Amino acid sequence: MHYVQAKGILSATNGMNLYRGCTHGCIYCDSRSKCYQMAHDFEDIEVKENALDLLEAALRRKRKRCMIGTGAMSDPYMPLEKRLEYTRRALLLIEQYGFGIALQTKSDLVLRDLEILKRINGKTKAVVQITLTTADEELCRIIEPNVCTTKRRFEVLKTLHDEGIPTVVWLCPILPYLNDTEDNIKRLLEMCVEAKVRGILCFGMGLTLREGNREFFYEQLDRHFPMLKQCYIRNYGNQYVVNSPHDAELMRLFHRTCEANGILHNNDEIFDYLHRFEEKNAPQQLTLWDMN
Ligand code: SF4
């Protein structure tokens, strides 16, 4: 881990990454891609030392409150967050300045900050997004080795719902020949239904591979699933989008199950929900009618 001084913290769409790099070790991670021009090892986490000062200044400057996003490029609840508490302190600032939060993680450490999330959600909106890829615990330990497994993430989703925090699941990536089975998708969807998630994001039953993440992914395939790399190379070459041969039927199953259970499954609608700032208990503006 190393510290840097960052120039800014919020992107144009109000996303933030307090850390850069990630130690969760997912074998398919897109954030390893060369296009992100990381100048350090992916596991050597860059901590933006002045991130909280920058965030406070940015929140104070904003004329309109909005949703703040985090977790797109690096999990905000990596093990080092236990000690550094940057995410926790950022949530406290978001609460203090009356903004909303939409965070994305795979870690049960998010429950440490449940009370802050509840307070934010009481005033505006706090949404937790959790990724689920496989219902097979053993496979999960291989493809997402350094973070809690699906079983625990399912418990976290249920706890969040019971505590009034809305949740969204990222059902991706689905890796051809590994977790692209009907049984797996069915079991994951059953978990989502039971945990009463608000929406499920799915971009097709597949994954993306490009320079940087492809090499790492293939190394891990060689390590854990001999001969599978050759199969990928034969069937997909250097394609960026790598879809399962079962994409069409699995997508039908996905849409049908969500529809039957009242779960949002249109990606645009879900992103709209994640970005929409909502204020609860806002004083109603008096109308002439009220005054009479
Ligand atoms: S948790 Fe996200 S950022 Fe971290 S390794 Fe996994 S996919 Fe990459």
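Which residues does Phe154 touch, not counting residues up to four places away in sequence? Select Phe154 and you'll find Met191, Glu194 and Ala195 (contact means heavy atoms within 4.5 Å).

A quick note before moving on. This is a predicted model, where local features need pLDDT of at least 70, side-chain atom pairs count only at pLDDT 80 or more, and totals for chains, interfaces and linings use all residues. Residues are numbered from 1 along each chain as its sequence is written, and side-chain values use heavy atoms, with hydrogens and water left out.

Stay on Phe154: it sits in helix α6, residues 150-162 (helices are DSSP runs of H or I, at least four residues, and strands are runs of E, at least two, numbered from the N terminus). Phe154 is buried at 13% relative accessible area, where buried means under 20% with a 1.4 Å probe, protein chains only.

Next, select α7, residues 182-194. Its buried residues are Asn184, Ile185, Leu188, Leu189, Met191 and Cys192. Look down the axis of α7: these residues fall within an arc of 155 degrees, so they line one face of the helix (the arc takes directions from the helix axis to the C-beta atoms). Their cover includes α6, β8 (167-170), β9 (199-201) and α10 (247-260).

Now show α6 and α7 together. Thr150, Phe154 and Lys158 of α6 meet Leu188, Met191 and Glu194 of α7. The two helices pack at about 25 degrees, axes 9 Å apart (axes are lines fitted to C-alpha atoms over the stretch in contact, and angles run from 0 to 180 degrees between N-to-C directions). That makes α6 roughly parallel to α7, a label for angles under 35 degrees.

Key
Buried < 20%, exposed > 50% of the residue type's maximum accessible area, 1.4 Å probe, protein only. Expected span 1.5 Å × (residues − 1). Parallel < 35°, antiparallel > 145°, perpendicular 65-115°, else oblique.
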